[in-house]
Amino acid sequence: MSSVSDWDVPNPVKENRSGLIGKGVDRYEGPLKVTGTAPYAYEVQPPSPPAYGVMVGATIAAGRITDVDTAAAEASPGVLAVWTHRNVPAQPPRGTKAHPRSTAGSKPALESDRVTYWGQPVAFVVADTLENAVAASHMVQLTYAADAPDVDFQARLGDAVDPPGEKDVEVGDFQAGFEGSPVRLDETWSTPIQNHVQMEPCASLAWWEGPDRCIAHTSVQMVKPAQHGLAETLGIDRDAVHLMTRYIGGGFGGKGQTYDDLTLAALAARALGRPVKVAFTRQQMMHGTIHRPATVMRVRLGAERDGRLNAMSIMTWTHCHSDGSFTEHASNFARSLYAAPNRLTGHRLVRLDLPHAGPMRAPGEASGTLSLECAMDELAETLGLDPVELRIRNEPEVDPENGRPFSQRQLVRCLKEGAQLFGWDRRLPTPGQVRDGRWLVGLGMAAAIRGNFLLPAKCSFSVDADGVITVRQGMTDIGTGTYTVLAQIAAETLGVPLGQVVVEIGDSELPPAPGSGGQFGAATAGSAALAAGVNLRKAIADLAVNDPGSPLHGGDSASVTFQDGVVALENRSETLRDLVRRAAPAGLTVEGEIRPAQDAQRWSTQTYGAHFCEVGVDPVTGEVRVRRMLGVFAAGRILNAKTARSQLTGGMIWGVASALTEGNAVDPRYGSLINQDLAQYLVPVQADIGDLEAIMLDEVDDKANPMGIKGVGELGNSGAGAAVANAVYNACGVRLRDYPITPDKLLAGLIAAGR
Amino acid sequence: MRPFTYERAADARAAVKSASETPGARFIAGGTNLLDLMKLEIERPQHLIDVGRLPMAEIEDTPDGGLRLGAVASNTAVAADSRVRGRYPVLSQAIVAGGSPQLRNKATVAGNLLQRTRCAYFYDTSKPCNKREPGSGCGALEGLNRNAAIFGASHACIATHTSDMAVALVALDARVETLTPSGQARSFPILELHRLPGETPHLETHLVPGELITAVALPPPPPGGQTYRKVRDRASYAGGLASVAVAGGALALGMVAHKPWRAVDAEAALASGASPSEAMARELAGASSAGRNDFKIPLVARLGAAAIGEAREGAR
Ligand SMILES: Cc1cc2nc3c(=O)[nH]c(=O)nc-3n(C[C@H](O)[C@H](O)[C@H](O)COP(=O)(O)OP(=O)(O)OC[C@H]3O[C@@H](n4cnc5c(N)ncnc54)[C@H](O)[C@@H]3O)c2cc1C
Ligand code: SF4
């Protein structure tokens, strides 16, 4: 049985002899990206000129397609194929798994006349050029029998049900604890639909090698389910799909699955006998891929006058697609955050005729902290306590929900160090007191928490006759820095310079890894890489001590060291290159793997942080501008100070967006999202982000994985928006519980408050 | 995008001649608005006449002490011009409040004036829009119309004009100079360029088909302070929720109507000694809103009063 104690042995990452672990090393693939030479899926050169596919989205949210007229589109210049549900090649029904161990079932495109959301791909045009395909796509005529769209989330809250297989979680007696508390808070927050708006919209390119083998390039976070799902859809062997996703222009959870671009590219490439490219437009991304669903969150806090919580509850209402069950678990994070003997958390789900809901960066925490962490701010004010102090008073010794010990918990240190570095003591508890020119200035803070995960993964390491180490893994880099940290782990483990490492990822034919998501990527992929690296060290050491030509011959293989490209045993040494070239000229390849420890669940393993924010509010217009922001985080050993910082600050910026600008509005008459481009779906630009800093505390979490690292990709997002909202209140005295805090809403609050 | 033909005009006369003779012809300058709309098939010109390289990019002093801005001078060039910055700071401020540096490098004086609304329903060809498809209805009327007009809207269209630069030009009493298809040069006050929507929101200006804007002429700057204030959801690169241009005693409002709005009632009130707040209240007595854009009325009241105060401060 595997145990976390198995990890309690020295390894090259922990020893960090070359100091590469933690160093802010530049991106492995950075030069390719900044020179525009990294081939993203749509830019890969196929073996012969491709045709271009364009999808057509439904213009109803619910109903049926009753008639199809493609004559004009078919007659349009350059058109090679026009498909609807009537003539798309046959595909197995949705979810079919011909191979029982497939990690995803079939995902047929254009599968029927039924429309279940606005923008659902319902027709497909392929032409010789993109322009011809786009022009013809506008000529496809579809007639619908539309049902009245059922999309009004707020109106349907009363019909919400428990998510499948879930019940509320209660510890103690929440109601009694709440009612018996001298100080109570009971407020409701709401957050809108958000879209991932990755810089690279989803795109695919496919071609066939003979009738039985499909080569596909796409933009996806998880390789194996993409490969398996496509094979199931095409009705071919899983090994007959070679799926690649080498460079990915952002994922954020939105590319945790594939979409019809991949299916249609592969089907069309088979039907036409030539490579086919298909990409979503920015507008199509809004409806045609998943989104973070809207939430309504009711938070109740019951406290003693000294601030200790007796009772804590967060209940979340959210929505998903009419056929779906995805649930935005916005209440879950609260289970591990603050001590309170009486606790109630749970979720309610409404099924709507909206596009598919799904995970988006820090699913759960991103929305959930926008309520609870503001509720804590409100409670602190009621109690006359500093918000930092209120959190410290509710710091649990063990996980408050299940009594498990924390593997590591440095939340209080994050709060204290952050407060000091930020100058939190300058905050005036009464809002609206500080002016700078036309701006009212306020400070706010919030805590951050996000779970940590380890999944099974494999990796292979090779050394060739030039002494070059090649890492191969079916992992992805969605812009987070995976290439780079894998290179660092390899270089550190084998004692070679970074320039002597090659990283190959994003390929279904490489040893499988679960991909990027849930901030488990670096820990999972990296632990497998470490295992493979350690195995390669053993193989190389054995090679040396067993080779009569080696100066290390006859020594103890366990004592061989690896540094600066040299293998050594006491004062005997040779270069790695000389050794391999002589003793194994064809090179060596080994595999390694990581599995979660079976006793890992005995600990509560989380990442933590504290956000501090200063905003200016223009009391005349209700405009809010972030002036400075600091996050202090504790997330295990940091592999790369630069990429980790980018992840954390990126998450913080995401929080600014959630607080102030970001969201998709639904027009209930159509069941459609109205703001569909980046001029109308607003994420922060440079000018919105003032002075921004993320600091990582020293930490090693030996219960997390053999490297003692944890995830940072989502932590920065958790709590960041709440810090902004709390700063807005401190600046101007207006609490808005309906995100985002836009000038129209804030102005109404300012006027109501007599400002 | 529909197929189209393209020509680069040899001179202004050839441009208007071609425009009047070629069916479905349109001028293109920076292309930052027109090309986006063509990609979405909101605009479907059959022929483009590129006027971007005509010798109309000069910014020159006029004998009366004003300034003439060539129609294809880039927004960047105008905003950075030392005479504009020195004498017409409201114009410089308004231009840099719009778009991004990349857009302003391409965008031109004439193109900016003739940019089309940012109404979300206009941009979504799956929704009804009288401006895009006359007679199809107005998706925004009962829709998510936070940014709708509060002055001069009709039941056919409640969209706003979204140019920042135009608001400053209206406050500065600029004149538009054009060449008509028959080769006549004419000039008229900028306030007469744009129309209110009425029953025909697809008709946005009083230019005749094929008429080319050749320049915008600024009279000498008015006495008194100038300022431009724009309210927006994020700090940069966002369309406005409302804006105000003050140039001496002149006041223009942006994003409140189908055209840049000259606040004549407020000006008259100020001239007769009303306070800035009183003046704005006078102007807004004629405003109307419909739910989601209610906030614009107090917003403009407050913003206008603040901007008038700032301009007066600046003049002292
Ligand atoms: C993302 C984005 C954000 C933006 N934000 C803002 C903003 O905040 N504030 C703002 O004010 N603007 C904003 N804009 C609009 C921008 O200012 C305009 O796109 C630009 O000014 C248009 O100028 P152009 O030269 O590129 O025009 P074009 O796109 O070339 O033409 C626009 C129109 O003008 C006509 N035209 C061009 N030249 C002439 C001429 N000489 N005579 C007659 N007709 C002519 C064309 O036929 C066309 O109808 C934004 C645009 C984008 C894409
Ligand atoms: S407001 Fe005008 S532009 Fe917007 S949908 Fe209505 S008619 Fe079209």
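Start with salt bridges, counted when a side-chain nitrogen of Lys or Arg is within 4 Å of a carboxyl oxygen of Asp or Glu: over all chains there are 70 of them. This is a predicted model, where local features need pLDDT of at least 70 and side-chain atom pairs count only at pLDDT 80 or more, while totals for chains, interfaces and linings use all residues. Residues are numbered from 1 along each chain as its sequence is written, chains are lettered from A and ligands numbered from 1 in the order in which they are written, and side-chain values use heavy atoms, leaving out hydrogens and water.

**Salt bridges in chain A**

Select Asp159(A) and Arg156(A): they form a salt bridge whose closest N and O atoms are 2.6 Å apart. Asp159(A) is partly exposed, at 46% relative accessible area (buried is under 20%, exposed over 50%, partly exposed in between, with a 1.4 Å probe and protein chains only).

Next, pick Glu417(A) and Arg413(A), whose side chains meet in a salt bridge at 3.0 Å, N to O. Both sit in helix α11 (residues 411-422) of chain A, four residues apart, or about one turn of the helix. Helices here are DSSP runs of H or I with at least four residues, strands are runs of E with at least two, and both are numbered from the N terminus.

Now go to Arg627(A) and Glu614(A), another salt bridge, at 2.9 Å from N to O. This one links distant parts of the chain: Arg627(A) is in strand β26 (residues 624-634) and Glu614(A) in strand β25 (residues 606-617), 13 residues apart. Buried or partly exposed? Glu614(A) is buried at 9%, while Arg627(A) is partly exposed at 28%.

**Where the chains meet**

Show chains A and B together. In contact (heavy atoms within 4.5 Å) are 32 residues of chain B and 39 residues of chain A. The two chains bury about 2,900 Å² between them, 59% of it on carbon and sulfur atoms; that is the accessible area (1.4 Å probe) that two parts lose on being put together, summed over both. On the chain B side, colour Asp233(B), Arg234(B) and Arg302(B), which lose the most area to chain A, together 23% of what that side buries. Two salt bridges cross this interface.

Back in chain A, select residues 260-272, helix α7: its 13 residues should span 18 Å at 1.5 Å a residue, and the end C-alpha atoms are 17 Å apart, which agrees. The expected span is 1.5 Å times one less than the number of residues. Of those 13 residues, 10 are buried, including Leu262(A) and Leu267(A). Just after α7(A), Gly273(A) takes a positive phi of about 65°.

Most residues other than glycine have a negative phi, and most peptide bonds are trans. Zoom to Gln519(A), which has a positive phi of about 50° and is buried, at 7%. Then see Tyr739(A) to Pro740(A), a cis peptide bond with omega near -10°.
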